[in-house]
Structure formats: structure tokens, C-alpha cells
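Please keep the sequence and the structure in view while reading.

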Amino acid sequence: MVIRVYIASSSGSTAIKKKQQDVLGFLEANKIGFEEKDIAANEENRKWMRENVPENSRPATGYPLPPQIFNESQYRGDYDAFFEARENNAVYAFLGLKAPPGSKEAEAQAKQQA
């Protein structure tokens, strides 16, 4: 299972750049394997991302903006969904991954099941 983060390497928006860096930095810091898919430099990546973001997750106007997060081809969410999952110590569940033993998320899951 590969986490794919769709980003725009040449975005003029500092807000988008910060969000992308936040997601990528978190994944790197937690040693979660991922692939960066650049929609600015690769038309196929852009087309694939736009076609695979579910209808109910798209903005009312325009196209979905990066970063968009997938587990293989399964849509997991955008930056706002990622941020909320991180605030709730539920990033691994958000990504569709098993939380590593000893992590806050694994401990929280164990408490819920007890």
C-alpha cells in the first residue's frame, strides 16, 4: 500500500505550498512511505487526480487543489481532512494504515477497544 500525495511543485500560492510541506513533512518525520505526484509537471498526474477525487469532495467551482491524498487509488482526503485527523491522533486511520505499536494513535485505539 502506497500513500500518494498529489502536489503542485510550481504553485504560486504560498498557502498551498505550506499545506503540501506540512503533509510531506509529517509523513517523512513519521517514516510513512509515500510517493509525491506532481500535477504541475505531469499532465497525467493532474488528470488522474482530478478524475479520482470523489464528487462530494470537490469544490463547488473549479478543480480540487493540492495536496490531495490517496492510498493506492483510494481517495483519503485533502489537507483539511489530514489536518483534522492529525489533531485527533488518527492519521494512520485516515491514511488507511495500521498505527504502529506505541504510537498515540495505537494507544487510543487500544483504549477504545478495552
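Tryptophan 48 is partly exposed, with a relative accessible area of 25%; buried means under 20%, exposed over 50% and partly exposed in between (1.4 Å probe, protein chains only). The model is predicted: local features need pLDDT of at least 70, side-chain atom pairs count only at pLDDT 80 or more, and totals for chains, interfaces and linings use all residues. Residues are numbered from 1 along each chain as its sequence is written, and side-chain values use heavy atoms, with hydrogens and water left out.

Rings of Phe, Tyr and Trp (its six-membered ring) pair if their centres lie within 6.5 Å; planes under 30 degrees apart count as stacked, over 60 as edge-to-face and the rest as tilted. By this rule there are 8 aromatic pairs. Helices (H or I, at least four residues) and strands (E, at least two) are DSSP runs, numbered from the N terminus.

Phenylalanine 70 is buried, at 0% relative accessible area. Phenylalanine 70 also forms an edge-to-face pair with tyrosine 75, 5.2 Å centre to centre and 65° between the planes. Tyrosine 75 is buried, with a value of 17% relative accessible area.

Valine 2, in the segment before β1 (3–7), touches Phe70 as well as Glu35, Asn71 and Glu72, not counting residues up to four places away in sequence; contact means heavy atoms within 4.5 Å.
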